[in-house]
Amino acid sequence: MFSEFKKRLADVFGATTPAVWVLLALSIGAGAIVLPRSSSRKAGMKLWLFNKGHQQVYATVANDWNREQPTPATKVTTLLIDGPALERRLLSGFMSGTPVADLVETERSVGAKTFTGPVEDIGFVDITDRLRQEGLLDAINGPSFAPWTSRGRIFGIPHDVHPVLLVYRSDIIEAAGIDLTKVETWAEFFDALRPLMVDEDGDGRPERYPLNFWASQIQLLEQLLLQADGTLFDAQGRPHLDSERNAYVLATLATWCGGPRRVVVDAAEFTAPGNTLKLRGTVLASLMPDWLGGIWKSDMPGLSGKLKLMPLPAWEKGGRRTSVIGGTMLGIPKTTRDFEAAWAFAKKLYLDREMHARFFAKTTIIPPVKASWSHPGFSAPDPYFSGQVSGQLFISQAGNVPSRTSSPYSDMAVSRLSDVLIALVDRVNQEQISDPAALLPDARERLAQAQLQMKTLIERNVFLRDDAAPVTKAAGAASAP
Amino acid sequence: MSEVASSSVPAPAANPVVPQGRYRAEPRWVPWVFLAPFLLTFGVFLVWPLMQSVLLAFQQTFGPKTSAWVGLANFNFMFHDPLFWKAVGNTAGFAAGAVCFQLPLSLGLALLLNRPGLKGRAFFRMIFFAPSLVGLVFVGLLFGLMFAPRTGLVNTTLHGLFPAFDPEFPWLQLYILPALIFAALWLYVGFNMIYFLAALQNVPEELMEASALDGAGPWHRFRHIVLPEILPVATFVVLMSLLGSLQLFELPFVLLNGTAGPDNRGLTIVMYLYNTGFVSGDLGYASAIGWVLALFMGAFALGQRWFSKHQEES
């Protein structure tokens with residue numbers, strides 16, 4: 001019997017090329033090296049994040065935490081992953097039920113994508129009751145929960161508030177003798193700066209524009225729409241684009257972008273041409289969420305001392321002087337092996353007062369925890385903004401930020417509004433319209449079409465419909481701990 | 001004689017002699033051992049996903065764990081989806097531009113470089129071919145900067161030459177498709193030129209000389225000798241350009257900063273597929289779009305095959 005087996009083995013060796021055996025030996029060798037490593041990596045908790053600045057600030061907290069942990073199982077390692085890569089890994093993990101990190105810091109648009117399916121299949125742990133039990137719902141700024149709330153349940157601790165102020169070139173504006181401190185509305189703002197829209201080189205076009213905005217800049221459109229209490233969805237999550245308010249906002253913005261009373265220029269953020277226009281002073285003011293302050297400091301240090309912040313001019317006297325954009329949260333995936341440890345670390349990372357001050361010093365982002373706002377770190381003069389106390393300026397508007405939707409269709413809804421705005425701007429340019437009232441009927445008609453498009457799109461999602469089609473679930477779907 | 005001959009040939013043995021060592025006949029399963037790595041890879045990474053994607057096109061999913069069978073709803077929605085048709089229109093416009101501008105230019109350059117007396121032919125060939133060595137992503141970034149309002153090379157140059165020209169002219173908002181065609185021209189004209197050049201160098205010299213002796217002018221030589229000779233290559237280049245155009249994604253994606261541009265003027269079929277599947281997470285609908293695109297491309301390939309066969313026969 002053994003001799004027969006030996007003969008067969010010899011046949012196999014004789015019949016196949018040595019390369020097969022070399023490859024086999026290499027595979028076994030590689031496996032032997034990799035397997036023990038991967039098993040040793042499994043010890044401890046992982047935190048995935050997408051921002052290097054965040055990782056640097058969190059390093060001290062993680063080190064302190066790790067020193068206090070008696071076992072390696074609850075020690076934390078941070079892993080920096082590029083934003084799109086983190087999105088892919090997170091969504092793939094949630095969708096297929098494969099493990100992801102124990103804690104994940106993610107940005108608003110990614111968070112919304114995890115809410116597309118049935119609420120019980122959302123990959124993050126529902127922390128609503130835990131927040132309520134520990135009194136965190138009151139301790140944290142209310143509107144900051146909105147992007148992380150789906151169908152009434154909260155799936156992450158908010159990292160920020162992201163109030164929006166107006167940043168302006170104080171060196172140019174004050175040198176011209178213009179005082180913006182008394183400006184209350186957008187109309188007053190443009191009237192005050194219109195004298196600076198001068199054609200200096202004789203080509204028939206002004207060298208300066210009061211505001212950075214363009215119909216295709218959907219982030220700015222969203223900020224201005226939210227500031228004006230425009231609507232994207234109703235309380236039931238149905239699209240609500242076709243409203244009198246939206247029509248008014250879009251018609252007004254169209255006259256900002258074109259026609260005889262154009263007052264804006266396209267100086268998009270994160271682009272070299274956009275930054276050039278800001279450095280040159282072609283654009284005199286921009287909307288500035290708190291997170292953008294840190295980016296400007298890093299990307300345009302040449303503007304240090306030439307800028308000042310002020311609350312956004314309101315749409316009407318007495319109206320809202322701020323808006324909101326972006327957002328980050330810390331979520332605990334259902335696949336975490338130790339929810340309590342992950343929850344304790346999350347609180348240490350996101351609710352610590354000293355941590356908040358350190359974070360603000362590096363990024364100009366203010367925290368959503370109201371008790372931290374009195375920390376002296378938020379009252380230091382900021383040389384970049386001409387010595388203004390930028391922290392308190394942002395904090396003064398934190399309670400007024402508009403509430404937002406966590407709908408995964410939110411970006412699409414704003415895109416549809418942008419399409420409507422572009423069409424209105426084309427009309428403004430063709431007919432040289434300066435009165436927004438003349439555009440209102442057209443705006444309403446286009447908004448109705450956009451709303452119908454959105455409604456059709458959302459109604460396709462059988463997981464969000466009341467009359468949902470029968471859903472098939474494979475075995476082993478992740479469940480809450 | 002035949003008997004002698006036949007008797008001298010040994011009769012075939014019932015059991016053929018098996019060569020020893022490396023040259024022994026191998027057991028029947030041995031070929032499968034060699035084929036196994038390919039079959040496994042092919043099956044796992046191609047056949048299985050392909051079959052899954054067919055099923056996916058008839059479902060709405062939230063990952064592999066949750067799905068709902070929706071029948072033809074994805075296809076039905078697609079045929080009534082204005083965004084899909086916008087993407088089809090943009091892609092078709094780009095494909096038409098690619099074929100109508102790229103190919104004549106490529107052929108023209110190849111004809112110029114194929115002239116026998118031309119000095120520095122290798123240098124020019126390299127110069128024209130060089131842009132195709134640059135990746136699509138880089139081209140997208142480069143043209144994004146060139147077409148930027150106020151600060152871009154195109155607007156500053158035009159404004160410098162013609163002061164009445166608006167330095168803020170928004171090329172990438174009003175003329176996305178021409179901008180894409182222009183960028184693709186820069187990238188691919190030299191690449192296609194190489195195909196045409198190779199084909200032109202295979203045109204028999206004696207035919208050209210004979211026709212010249214018979215009094216045929218340059219146009220007649222091109223029309224009746226050069227064109228029929230290079231037609232198979234031209235058909236191939238047309239097909240490749242069409243298929244490449246139908247798959248257009250990276251160039252508009254980078255040029256428009258990951259968006260489809262104002263009013264979706266830069267939305268292509270593959271970009272819509274990507275947005276639907278990986279931004280909106282509607283994998284079922286994305287799969288349906290992918291299959292319709294695959295059918296389009298298959299139809300073009302079959303058309304090319306039929307055309308080539310028809311040409312050969314005629």
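What percentage of the 481 residues of chain A count as buried? The figure is 43%, where a residue is buried if 20 or more other C-beta atoms lie within 10 Å of its own, exposed if 12 or fewer, and partly exposed in between, with C-beta atoms placed from the backbone.

This is a predicted model, in which local features need pLDDT of at least 70 and side-chain atom pairs count only at pLDDT 80 or more, whereas totals for chains, interfaces and linings use all residues. Residues are numbered from 1 along each chain as its sequence is written, while chains are lettered from A and ligands numbered from 1 in the order in which they are written.

**Chain A as a whole**

Select chain A. Its C-alpha trace spans about 100 × 50 × 50 Å along the principal axes. The chain has 18 helices and 13 strands; these are DSSP runs numbered from the N terminus, helices being H or I with at least four residues and strands E with at least two. Among the contacts in chain A with a separation of 6 or more, 74% are between residues 24 or more positions apart. Two residues are in contact if their C-beta atoms, placed from the backbone, lie within 7 Å.

**Helix α11 of chain A**

Next, select residues 244-257 of chain A, which form α11(A). Of its 14 residues, 11 are buried, and the helix is mostly covered. The buried set includes Asn246(A), Val249(A), Thr252(A) and Trp256(A). Elements covering these buried residues include α10 (218-227), β9 (264-265), α17 and α18 (440-459) of chain A.

The length can be checked in the viewer. At 1.5 Å a residue, the 14 residues of α11(A) should span 20 Å, and the end C-alpha atoms are 20 Å apart, which agrees; the expected span is 1.5 Å times one less than the number of residues. After the helix comes Gly259(A), whose phi is positive, near 75°.

Axes are lines fitted to C-alpha atoms, for helices over the stretch in contact, and angles run from 0 to 180 degrees between N-to-C directions. The pair α11(A) and α17(A) is therefore oblique, given that angles under 35 degrees count as roughly parallel, over 145 as roughly antiparallel, 65 to 115 as roughly perpendicular and the rest as oblique.

Which residues of α11(A) and α17(A) make the contact? Leu250(A), Ala251(A), Leu253(A), Ala254(A), Thr255(A) and Cys257(A) come from α11(A), and Leu417(A), Val420(A), Leu421(A), Leu424(A), Val425(A) and Val428(A) from α17(A). By class, this contact has 11 nonpolar, one polar and no charged residues. Ala, Val, Leu, Ile, Met, Phe, Trp, Tyr, Cys and Pro count as nonpolar, Asp, Glu, Lys and Arg as charged, and the others, Gly among them, as polar.

**Helix α16 and two loop residues**

Move to α16 (390-398) of chain A. Seven of the nine residues of α16(A) are buried, so the helix is largely enclosed by the rest of the structure. Among them are Leu393(A), Phe394(A) and Ile395(A). The cover includes β7 (164-169), α13 (290-299), β11 (307-311) and α15 of chain A.

Ser386(A) lies in the loop between α15 (353-363) and α16 of chain A. Its phi is near 55°, a positive value in a residue other than glycine. Ser386(A) has 17 C-beta neighbours inside 10 Å and counts as partly exposed.

Phe270(A), in the loop between β9 and α12 (272-280) of chain A, has a positive phi of about 65° although it is not a glycine. Is Phe270(A) buried or exposed? Phe270(A) is exposed, with 10 other C-beta atoms within 10 Å.

**Chain B**

Finally, select α4 (residues 82-113) and α13 (residues 269-279) of chain B, whose axes come within 8 Å and cross at roughly 145°. Leu83(B), Phe84(B), Ala87(B), Val88(B) and Thr91(B) in α4(B) meet Ile269(B), Met271(B) and Tyr272(B) in α13(B).
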